[in-house]
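Student: Could you walk me through this one while I have it open on the screen? I would like to jump between topics as we go.

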Amino acid sequence: MEISMIDAGIIGSYFIMLAIVAFFARKKIHGLTDYFLAGRRLTLPIFVATLVSTWYGGILGVGQYSYFSGLGNWLTQGIFYYIMALLFALFLAHKIRKSNLFTIPDQLEKFYDKKSRFLGSIFNFILVTPAPYILSLGVIFMFLFGVPKWIGIVIVLVILIGYTLYSGFYGVIYTDLLQFIFMMVGVALVVPFAIAKYGGFEFLSANLPETHLQITGGIPTQMILVWGFIAFWTFVDPGFYQRCYAAKDSKIPKKGIMISIGFWILFDICTTFTGMYAFAANKAGHISIKILENGLPQPETYMIFANSVLPPVLMGVFLIGIIATLMSTIDSFTLLGAMNISHDIYKHTFKPKATDKQVMFVTKIGIVITALFGATLALFFSGIISMWYTIGTVCISTLIVPVLGGFFIKTKKPPISGVFSMIAGAIVSTIWMLNGYNNLYYEWPVYWFDIEPMYPGILAALVVYFAIIGISKIKRNQELA
Amino acid sequence: MDVISFILIIDSVGLIIATFVLTYFFFRDILREGKEKK
């Protein structure tokens with residue numbers, strides 16, 4: 001796709017704006033809590049802006065899925081997540097803020113022991129690897145500017161490491177506000193222009209399969225349930241926790257998440273209908289979209305369609321919106337990975353007496369390591385990236401039981417229940433996943449009994465967790481008798 | 001204009017307005033914080 005010089009200039013000025021914002025954010029850093037959590041001073045508006053922009057990263061995937069399944073995208077990638085986010089807001093958010101900690105592994109040590117923290121840190125690090133989003137940006141740069149993917153990835157790396165390392169969480173949240181504005185405005189522009197150019201519902205209903213206009217999108221019930229289950233991700237999302245820890249008081253997270261849900265609803269309606277318009281425009285012969293071997297359209301679908309309806313300048317704003325959606329997730333995940341390395345592993349596992357200065361130095365090294373690790377995966381192991389979502393679900397099945405158990409199970413929990421439930425969840429879901437990827441069918445893994453690895457993983461973690469709690473209770477009763 | 005198109009346009013415009021309202025509140029908080037410091 002060829003973009004106009006003016007749009008390329010708009011994209012360039014966006015990156016300059018990021019640098020300027022980071023420069024001013026740097027001035028607010030006076031210590032480690034500022035670098036990690038912006039001094040726990042997030043007000044409601046910035047809480048919403050940073051949460052909305054960070055949680056939404058897979059914009060190219062959403063484009064593909066809404067093209068593929070129409071309104072089904074809204075159900076599987078939207079509605080389930082609103083429900084989970086609402087439950088998080090109602091039952092977890094204030095508890096997290098009141099705990100006054102820094103990370104999920106902190107929480108695990110508080111509930112269980114140091115071993116749980118260490119193991120949890122590793123899974124947490126895998127969960128926040130920004131590789132899929134770095135790869136998406138590489139694809140976008142290749143598509144827009146015709147440069148090799150590695151050049152796009154190197155450009156992203158330099159900018160990302162530069163401002164995240166320089167300005168820490170303050171830089172992340174203030175750049176997130178900028179990214180949030182571009183993300184919302186850029187994506188909101190497309191649908192009105194699509195209606196003006198191609199027509200309203202009549203155009204859609206004439207060119208879309210009937211299933212695209214049904215809320216299930218023709219997706220099989222089992223698959224819908226799987227997506228619903230994957231949305232449990234929210235309960236162990238490190239980005240959610242970090243923002244709750246950073247809020248100014250314990251009421252902000254609950255209110256902030258609820259307002260964020262409102263933004264996600266409005267945003268998802270735009271993205272879903274953009275995908276549907278892309279399908280209809282392709283069918284009517286207005287644009288040309290390639291279909292991949294796995295049945296999904298090419299990742300660049302959104303950009304191809306937007307280019308057919310938006311004039312220059314607005315197209316530039318839209319492209320920044322897409323890039324901002326990815327950048328806001330990449331910078332947050334990179335900082336979270338770095339905090340795992342410095343705070344959870346370096347300080348709390350190996351060097352408890354480390355000073356704040358030393359921890360901050362290791363965090364900066366951690367930012368480079370996390371970003372390079374993500375970029376290496378994106379550059380040389382792009383096949384693994386397609387597995388990454390499944391690897392993410394393995395991490396969820398490992399973390400979700402001990403984390404939620406810690407918050408909600410009031411019975412006395414033996415420290416080993418944390419680490420052993422994590423090991424059980426990890427082993428079962430990993431074996432399940434590897435078997436699935438050993439039996440690919442049109443690039444899709446085929447799992448035992450058609451069951452996704454997350455289910456048996458969580459089940460194994462639950463069984464082990466409650467078995468240990470039960471045995472310890474019986475032992476305690478016998479000792480008392 | 002049909003109902004669906006109308007809803008979609010309201011959704012897009014609403015999203016843009018809500019974004020700028022939130023941004024306004026952000027800057028208002030920053031200004032207040034600055035005044036309190038002074």
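This is a predicted model: local features need pLDDT of at least 70, side-chain atom pairs count only at pLDDT 80 or more; totals for chains, interfaces and linings use all residues.

Student: Start with chain B, then. How many helices and strands are there in it?

Tutor: Chain B has 1 helix and 0 strands, and its C-alpha atoms fill a box of roughly 55 × 5 × 5 Å along the principal axes. Of the 38 residues in chain B, 18% are buried.

Student: And how many residues of chain A are in contact with chain B?

Tutor: On the chain A side there are 22 residues, which are in contact with 18 residues of chain B. At least two residues each are supplied to that side of chain A by α3 (44-55), α9 (149-198), α10 (201-207) and α13 (252-283), and the largest share, 8 residues, comes from α9(A).

Student: What does that side of chain A have by class?

Tutor: By class, the side of chain A that touches chain B has 19 nonpolar, 2 polar and 1 charged residues.

Student: Switching to the inside of the protein, which residues touch the most other members of the largest nonpolar core?

Tutor: The largest nonpolar core has 165 residues, and I134(A), F169(A), V190(A) and C270(A) are the ones that touch the most other members. The largest share of this core, 26 residues, comes from α9(A), the helix that also gives the largest share of the side of chain A touching chain B.

Student: What is I134(A) in contact with, leaving aside its neighbours in sequence?

Tutor: Leaving aside neighbours within four places in sequence, I134(A) is in contact with I153(A), V156(A), I330(A), G374(A), A375(A) and A378(A). I134(A) is also one of the α8(A) residues in the contact with α16(A), where A131(A), I134(A), L135(A) and G138(A) meet G374(A), A375(A), L377(A) and A378(A).

Student: At what angle do α8(A) and α16(A) pack?

Tutor: Helix α8 (residues 131-145) of chain A packs against α16(A) at an angle of about 55 degrees, with the axes 8 Å apart, and the two helices are therefore oblique to each other. The crossing of α8(A) past α16(A) is right-handed, and the residues of this contact divide into 6 nonpolar, 2 polar and no charged.

Student: How does α15(A) cross α16(A)?

Tutor: The axes of helix α15 (residues 314-350) and helix α16 (residues 356-380), both of chain A, come within 7 Å and cross at roughly 130 degrees, so this pair is oblique as well. α15(A) passes α16(A) in a right-handed crossing. Residues of the contact include G337(A), I341(A) and Y346(A) from α15(A) and V362(A), G366(A) and I369(A) from α16(A), and by class the contact has 10 nonpolar, 7 polar and 1 charged residues.

Student: What about α7(A) with α15(A), how are those two oriented to each other?

Tutor: Helix α7 (residues 114-127) of chain A and α15(A) have axes that come within 10 Å and cross at roughly 160 degrees, and they are therefore roughly antiparallel to each other, with a left-handed crossing. Among the residues that meet there are K114(A), R117(A) and F118(A) in α7(A) and G337(A), N340(A) and D344(A) in α15(A). By class, this contact has 3 nonpolar, 6 polar and 3 charged residues.

Student: Now the loops. Where does V313(A) lie, and what is its phi?

Tutor: V313(A) lies in the loop between α14 (301-309) and α15 of chain A, and although it is not a glycine, it has a positive phi of about 75 degrees. With 13 other C-beta atoms within 10 Å, V313(A) is partly exposed.

Student: And F449(A), is that one buried or exposed?

Tutor: F449(A) is exposed, having 7 other C-beta atoms within 10 Å. F449(A) has its place in the loop between β2 (444-445) and α19 (454-480) of chain A, and its phi, near 50 degrees, is a positive value in a residue other than glycine.

Student: Last one: what does N294(A) touch?

Tutor: N294(A), in the loop between α13 and α14 of chain A, touches Y442(A), E443(A) and W444(A), not counting residues up to four places away in sequence. N294(A) and E443(A) are 149 residues apart along the chain, and their C-alpha atoms are separated by 6.0 Å. N294(A) counts as partly exposed, with 13 C-beta neighbours inside 10 Å.

Technical notes: Residues are numbered from 1 along each chain as its sequence is written. Chains are lettered from A and ligands numbered from 1 in the order in which they are written. Axes are lines fitted to C-alpha atoms, for helices over the stretch in contact, and angles run from 0 to 180 degrees between N-to-C directions. Helices (H or I, at least four residues) and strands (E, at least two) are DSSP runs, numbered from the N terminus. Angles under 35 degrees count as roughly parallel, over 145 as roughly antiparallel, 65 to 115 as roughly perpendicular and the rest as oblique. A crossing is left-handed if the near helix is turned anticlockwise from the far one by less than a right angle, and right-handed if clockwise. Two residues are in contact if their C-beta atoms, placed from the backbone, lie within 7 Å. Ala, Val, Leu, Ile, Met, Phe, Trp, Tyr, Cys and Pro count as nonpolar, Asp, Glu, Lys and Arg as charged, and the others, Gly among them, as polar. A nonpolar core is a set of buried Ala, Val, Leu, Ile, Met, Phe, Trp, Tyr and Cys residues joined through C-beta atoms within 7 Å. A residue is buried if 20 or more other C-beta atoms lie within 10 Å of its own, exposed if 12 or fewer, and partly exposed in between; C-beta atoms are placed from the backbone.
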